[in-house]
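Here's a quick walk through one model, taken a feature at a time. Have the structure open and follow along.

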Amino acid sequence: MLRVLVQNELFDMGAEMDRLSAGSEGIGGISVFMGQVRGGADGLESLTLEHYPGMTEKVLTELAAEAVKRFSLIGCTLIHRVGTLVVGAPIVFVGTSSAHRAEALAGTNFLIDRLKTGAPFWKCERYQDGRQVWVEARETDDKAAASWD
């Protein structure tokens, strides 16, 4: 089962985990990751994510299909939110299921690392003092993604 969504709406982690565990008695491990908008002492107020509809879903589906094949996943769910999200808001859900925990964990890690650099999202941070800053690529994210090559 492969499920990829790009949406403004909040996702339900419990429902997504239920979907991953349903339908196969061969599932022995489920791994999930939920990322949220991180705040801090810098006064970040919100993060706006923009994307290119159609292209974004295609790239995410290709990444998820690669993870399914590479790690023998039984299920894979990838949900990424777009629009303006405040600090603390859920932004991404990655869930995988497999016969064994190692494959599920590896599949989830692979997808998170590859999403940071391979998904076509543009992020603009808005601060309490009125500043707006477009997020640049980070070298650490590039290294993490490259580690899967």
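Met55 comes out at 38% relative accessibility, so it counts as partly exposed; the scale used here calls a residue buried under 20% relative accessible area, exposed over 50%, and partly exposed in between, with a 1.4 Å probe and protein chains only. Met55 sits in helix 2, residues 55-71. Helices here are DSSP runs of H or I with at least four residues, strands are runs of E with at least two, and both are numbered from the N terminus.

Met55 also belongs to a nonpolar surface patch of about 470 Å², together with Tyr52, Trp122 and Trp134. To join a patch, a residue needs over 30% relative accessible area and no salt bridge; nonpolar side chains (Val, Leu, Ile, Met, Phe, Trp, Tyr) are then joined within 5 Å, and like charges within 9 Å. The areas themselves come from the Shrake-Rupley method with a 1.4 Å probe, and for residues only the protein chains shown count as cover.

## What sort of model this is

This is a predicted model, where local features need pLDDT of at least 70, side-chain atom pairs count only at pLDDT 80 or more, and totals for chains, interfaces and linings use all residues. Residues are numbered from 1 along each chain as its sequence is written, and side-chain values use heavy atoms, with hydrogens and water left out.

## Salt bridges

How many salt bridges are there? The count is eight, taking a salt bridge as a side-chain nitrogen of Lys or Arg within 4 Å of a carboxyl oxygen of Asp or Glu. Glu66 pairs with Arg114, with the closest N and O atoms 3.8 Å apart. Glu66 is in helix 2 and Arg114 in helix 3, so this bridge ties together parts that are 48 residues apart in sequence. At 33% relative accessibility Glu66 is partly exposed, while Arg114, at 13%, is buried.

Arg114 also meets Asp149 in a salt bridge, at 2.7 Å from N to O. Since Asp149 lies in the segment after helix 4 and Arg114 in helix 3, the pair ties together parts 35 residues apart in sequence. Asp149 is exposed, with a relative accessible area of 76%.

Over in helix 4, Lys143 and Glu139 lie four residues apart, about one turn of the helix. Their side chains meet in a salt bridge of 3.4 Å, N to O, and both residues are exposed.

## The largest pocket

The largest pocket has a volume of about 880 Å³. Of the 28 residues that line the largest pocket, Lys116, Lys123, Val135, Arg138 and Asp141 are the closest to its centre. By class, the lining has 14 nonpolar, five polar and nine charged residues. Among the elements that each supply at least two lining residues are strand 2 (29-36), strand 6 (90-98), helix 3 (101-118) and helix 4 (139-146).

Grid points are joined across faces, edges and corners, and the volume is the space filled by probe spheres set on the points. Ala, Val, Leu, Ile, Met, Phe, Trp, Tyr, Cys and Pro count as nonpolar, Asp, Glu, Lys and Arg as charged, and the others, Gly among them, as polar.

Conventions
On a 1 Å grid over the protein atoms alone, a cavity is a set of points where a 1.4 Å probe fits but cannot get out, and a pocket is an open set with protein on both sides within 12 Å along at least five of seven lines; lining residues have an atom within 4 Å of a point.
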